[in-house]
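Dear colleague,

I am handing over the structure we spoke about, and below it I have set out what was found when the atoms were examined. Please read the notes with the coordinates open beside them.

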Amino acid sequence: MELLNQAKEDIRHFLSRKEGELLFNERDLQMHLANHLIGTGHYDDVDVEYYVPQKELTNYIWNNELKLDILLRKDDEFLPVELKYKTKRHSKKMKRFNEEMPDVVEVLKNQGAQDLGMYDFWKDVRRVELVCRRFAAVKNGLAVFVTNDKQYLNPCRETSNNYHFCMSEGIHDTNRHWKNPDSSCARSHPDFELERNYNVHWEDNVYEGVEFHYCIVEI
């Protein structure tokens, strides 16, 4: 638990920083967060895109290979950190090489498809569960979600196809099934079950005038 608690504290410190800069996409978040974790000196190693062959994981139901966004090591214990960064459109003027650019540019894209964004977050949770089950040196993990799209915080209607993938504040059970098994989402994104209930708690911060929301889920 010491590694888990330290990582959670360090990630929260990064996400709650008052001087935080606006990050453009998920890879930008990944690299800046990894550099921050390296800079703390709390870990023996910080790796990114850590590859785990899917054939090593029992009940792995997805076709894509598993590359953990960030992997932390302290002594003989490892802790995977999976990231999701979902945005809605935001445009502004930018500085590059200490020079103010003359035009307004789109710095955050409008990703939309919140139902699939929610699915991908819980998929991250499930994949980390499977890694913890397979490898004795991995006792816990973290799933981090960062967004400037408030739709992710809203409760889902019980009639919504993605009702069981909701990410609103509170406790969420193990059921990750689409309401309509014949929908295009269900056909391309298979149902699954989690090992236990998880608590989602949202926190807020402002980066360069843009309000963001983030949650850190312990696995």
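C132 counts as buried, because its relative accessibility is 15%, and the cut-off for that class is under 20%. Please keep in mind throughout that this is a predicted model. The sulfur of C132 lies 17 Å from the closest cysteine sulfur, which belongs to C215, and that is too far for a bond. C215 is likewise in no disulfide, the nearest cysteine sulfur being that of C166, at 11 Å, and C215 counts as buried at 1% relative accessibility. For the structure as a whole, the number of disulfides is zero.

As general background, nonpolar side chains in soluble globular proteins tend to be buried together.

W122 deserves a separate look: once its neighbours within four places in sequence are left aside, W122 is in contact with F165, C166, M167, H172, R176, F192, L194, Y198 and V200.

Strand 8 is the element I would ask you to inspect next. Six of its six residues are buried, so strand 8 is largely enclosed by the rest of the structure. Both of its faces are covered, with L142, V144 and V146 buried on one side and A143, F145 and T147 buried on the other. Strand 3 (residues 77–86) runs parallel to strand 8 and is joined to it by six bridges, and within this pairing Y85 has V146 as its bridge partner in strand 8. Strand 14, by contrast, runs antiparallel to strand 8, again with six bridges between the two, and here T147 has H213 as its bridge partner in strand 14.

The aromatic residues can be taken together. A search of the whole structure finds 14 aromatic pairs, and I describe two of them here. The rings of Y60 and W62 have centres 5.5 Å apart and planes at 80°, so this pair is edge-to-face; Y60 and W62 are both buried. F145 and W202 form an edge-to-face pair as well, with 6.0 Å from centre to centre and 90° between the planes. Because F145 lies in strand 8 and W202 in strand 13 (residues 202–207), this second pair ties together parts that are 57 residues apart in sequence. F145 counts as buried at 0% relative accessibility, and W202 is buried too, with a relative accessible area of 9%.

N162 is found in the loop between strand 8 and strand 9 (170–172), and N162 counts as buried at 14% relative accessibility. Not counting residues up to four places away in sequence, N162 touches D115, M118, C156 and W178. Y163 lies in the loop between strand 8 and strand 9, but Y163 counts as partly exposed, at 27% relative accessibility. Leaving aside neighbours within four places in sequence, Y163 is in contact with C156, R157, E158 and K179. The C-alpha atoms of Y163 and R176, which are 13 residues apart along the chain, are separated by 8.8 Å.

With best regards

Definitions and conventions
Residues numbered from 1 in each chain as written. Predicted model: local features only at pLDDT ≥ 70, side-chain atom pairs only at ≥ 80, totals over all residues. Heavy atoms only, no water. Disulfide = S-S within 2.5 Å. Buried < 20%, exposed > 50% of the residue type's maximum accessible area, 1.4 Å probe, protein only. Contact = heavy atoms within 4.5 Å. Helix = DSSP H or I, 4+ residues; strand = E, 2+ residues; numbered from the N terminus. Phe/Tyr/Trp six-rings, centres within 6.5 Å; stacked < 30°, edge-to-face > 60°. Pairing = 2+ DSSP bridges.
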